[in-house]
Amino acid sequence: MAAGATGPSTARLRRAAAADLPFVLATEGLPHNALRISQWPRERHEACLADPDYAYWLVLDEAGTPRGYAILRGLTDRSGNIALQRISVAAPGQGTGRAFLAALIDHAFMETPCHRFWLDVFTDNPVARALYRSMGMTEEGVMRESVVRADGKRASLAVMSILRPEWQTGRAGR
């Protein structure tokens, strides 16, 4: 899906740029993200924005105002594995995240040579895991106690993915 385009998910995407970093940093720092995503310094985001292996995306409301951001990585992976490094919306629980994720998955399979779209998610986040399953993703396994969270406690991550043939089958059913 091209920047600014809408797809079956009805989410409007725009490729993010350095000028969007204040929004990214502010969203990343919201209280609901404290134990769900890592807080990166601006310099790391700047380096990733300049790296061709990464793509930052914004989801926009009808007025063109950013409502969330996501980071994809693996764009240069020769095996076609693209990871959702991070996704966050400013106001969760309103359906923005579901539409945003659907648009990102569609973009990955429609606009890149992606064969496997994957992510990891905390095992103690049943809402996100259910969302990812509802999008056609399969849980591949668990990386036990692989992350130390901001509160110093260890947490486990489930790896989930959807393959191009699965996405195509699901898309045909829509």
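User: What makes β1 and β2 paired strands, and in which sense do they pair?

Analyst: Two strands pair if there are at least two bridges between them, and β1 and strand β2 (residues 54-60) are joined over four bridges, in the antiparallel sense; they therefore meet the criterion. In one of the pairings, Arg 15 has Trp 57 in β2 as its bridge partner.

User: Why are β1 and β6 said to stand at the edges?

Analyst: The open sheet consists of seven strands in the order β1-β2-β3-β4-β5-β7-β6, with mixed pairing. Since β1 (12-15) and β6 (138-148) each have a single partner strand, one side of each is left without a neighbour in the sheet. On average, neighbouring strands of this sheet are turned by 30 degrees against each other, direction ignored.

User: How do you know which parts of the model to read with care?

Analyst: The pLDDT, which is the predictor's confidence on a scale from 0 to 100, averages 91 over the protein, and 94% of the residues score at least 70. Over residues 1-8, however, the pLDDT is below 50, although this stretch has 26 contacts in the model beyond near neighbours in sequence. Where pLDDT is low, the predicted coordinates should not be read in detail.

Definitions and conventions:
Residues numbered from 1 in each chain as written. Predicted model: local features only at pLDDT ≥ 70, side-chain atom pairs only at ≥ 80, totals over all residues. Heavy atoms only, no water. Helix = DSSP H or I, 4+ residues; strand = E, 2+ residues; numbered from the N terminus. Axes fitted to C-alpha atoms, helices over the stretch in contact; angles between N-to-C directions. Contact = heavy atoms within 4.5 Å.
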